[in-house]
Amino acid sequence: MLLSQYLDIYLGVPLLHTLQCTFEGCYGRHMALSPPVRTVPARLAWFIQEVPALVIPLLLMVTSQKPSIIGIYMVLGTFSLHYFQRTVIYSLLIKGKPFPLSTMVAGAIFCILNGSLQGHYLLHCSPLDDEWSADYRCRTGLVVFYVGMAINIHSDYILRNLRKPGEEAYKIPTGGLFEYVSGANYLGEIIEWFGFALATWSLPALAFALFTLSFIGPRAYYHHRFYQEKFKDYPKIRKALIPFII
């Protein structure tokens with residue numbers, strides 16, 4: 001399948017309009033709800049929408065009839081590790097506002113499609129062989145992935161601990177890459193998936209990385225603008241997503 005077809009899957013389907021809503025209004029601080037909108041508690045919403053991307057690849061690995069290839073299981077394991085952290089750990093720790101039901105459902109549908117595509121391609125379509133785990137692209141990609149994951153987890157930790165119990169006012173995040181960008185958590189996740197794309201050397205993974213960039217990259221910009229408008233003393237050196245550049 002051509003790259004353009006994979007990009008159409010991720011970037012061209014009507015699901016994206018539902019999933020994105022407007023970049024500012026889907027969930028969290030930018031969410032604007034009208035009375036008829038149904039919401040789901042944040043922890044439950046994150047769990048439901050993320051769990052398909054954890055379970056589906058694992059089921060595909062368990063039920064696959066093909067001989068095990070260490071390199072493929074290694075990179076697919078990194079995909080599952082991200083979604084284990086997102087599904088189990090992150091959803092238990094999050095303190096965010098309730099999600100619109102439509103956003104949760106759209107997110108779950110996307111995770112079903114993405115988990116199925118990544119798992120199926122790597123297990124049944126990928127040309128990778130037993131020696132792939134020793135290839136410099138696989139090793140470099142995995143290092144990039146885990147660096148991004150560390151940035152993402154550390155940034156989420158900073159955001160969770162900005163306010164003391166009972167506090168509701170927004171505060172300026174500091175520490176880690178937040179010293180340089182407003183969307184440090186988003187930057188970490190983008191780095192993760194480009195590392196995954198390098199480690200798998202596959203078009204579906206590249207399409208997913210580009211989707212991630214196009215979806216949460218603008219959200220980092222809106223966060224940046226929110227901070228600039230709310231805090232007059234917001235650090236001038238801080239960019240939205242890429243240190244010193246954007």
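# Calls and cut-offs in a predicted helical chain

Me: What is the make-up of residues 99-117, and how far apart are the end C-alpha atoms?

Reply: Residues 99-117 are 89% helix and 11% strand, with 26 Å between the end C-alpha atoms. Helices and strands here are DSSP runs numbered from the N terminus (helix: H or I, at least four residues; strand: E, at least two). The model is predicted, with pLDDT of at least 70 needed for local features and 80 or more for side-chain atom pairs, while totals for chains, interfaces and linings use all residues. Residues are numbered from 1 along each chain as its sequence is written, and side-chain values use heavy atoms, without hydrogens and water.

Me: What makes 99-117 a span to look at, and which other spans are annotated with it?

Reply: The unreviewed UniProt entry annotates 44-63, 70-93, 99-117, 138-155 and 193-216 as "transmembrane region". Positions follow the numbering used here, feature names are shortened, and such annotations may be inferred rather than shown by experiment. In the model, residues 138-155 are 100% helix and 0% strand, and their end C-alpha atoms lie 26 Å apart.

Me: How many helices and strands does the chain have, and in what order do the elements run?

Reply: There are eight helices and two strands. From the N terminus the order is α-α-β-α-α-β-α-α-α-α.

Me: Why is Cys-111 called buried?

Reply: Buried means under 20% relative accessible area, exposed means over 50%, and partly exposed lies in between (1.4 Å probe, protein chains only). Cys-111 has 4% relative accessibility, so Cys-111 counts as buried. Cys-138 is at 0% and is therefore buried too. Across the chain, 48% of the 246 residues are buried.

Me: How many disulfides does the chain have, and by what rule?

Reply: The count is zero. A disulfide would need a pair of cysteine sulfur atoms within 2.5 Å.

Me: What makes a set of residues a nonpolar core, and which members of the largest one touch the most others?

Reply: A nonpolar core is a set of buried Ala, Val, Leu, Ile, Met, Phe, Trp, Tyr and Cys residues joined through side-chain atoms within 4.5 Å. The largest such core has 39 residues, of which Phe-79, Tyr-83, Leu-122, Trp-193, Phe-196 and Phe-208 touch the most other members. At least two residues of this core come from each of H3, H4, helix H5 (101-125), helix H6 (136-160), helix H7 (184-200) and helix H8 (203-230). H7 gives the most, with eight residues.

Me: What does Leu-122 touch, leaving aside its neighbours within four places in sequence?

Reply: Leu-122 is in contact with Ile-72, Val-75, Leu-76, Phe-196 and Thr-200 on that basis. A second, separate core has eight residues, including Val-40, Ala-42, Tyr-90 and Ile-94.

Me: How do you know that Arg-86 and Asp-156 form a salt bridge?

Reply: A salt bridge is a side-chain nitrogen of Lys or Arg within 4 Å of a carboxyl oxygen of Asp or Glu. The closest N and O atoms of Arg-86 and Asp-156 are 3.2 Å apart, and the pair forms a salt bridge. Arg-86 lies in helix H4 and Asp-156 in helix H6, so the pair ties together parts 70 residues apart in sequence.

Me: What else does Arg-86 pair with, and why is Arg-86 called buried?

Reply: Arg-86 also meets Glu-189 in a salt bridge, at 3.3 Å from N to O. Glu-189 is in helix H7 and Arg-86 in helix H4, so this pair ties together parts 103 residues apart in sequence. Arg-86 is at 7% relative accessibility and therefore counts as buried. Glu-189, with 14%, is buried as well. Through shared partners, the salt bridges join Arg-86, Asp-156 and Glu-189 into one network.

Me: How many salt bridges are counted in the chain?

Reply: The count is three. One of them joins Asp-135 to Arg-137, with the closest N and O atoms 2.9 Å apart, and both residues are buried.

Me: Where does Arg-160 lie, and which residues does it contact beyond its neighbours within four places in sequence?

Reply: Arg-160 is in helix H6. Its contacts on that basis are Leu-93, Ile-94 and Lys-95. The C-alpha atoms of Arg-160 and Gly-96 are separated by 9.0 Å, though the two are 64 residues apart along the chain.

How values were computed
Contact = heavy atoms within 4.5 Å.
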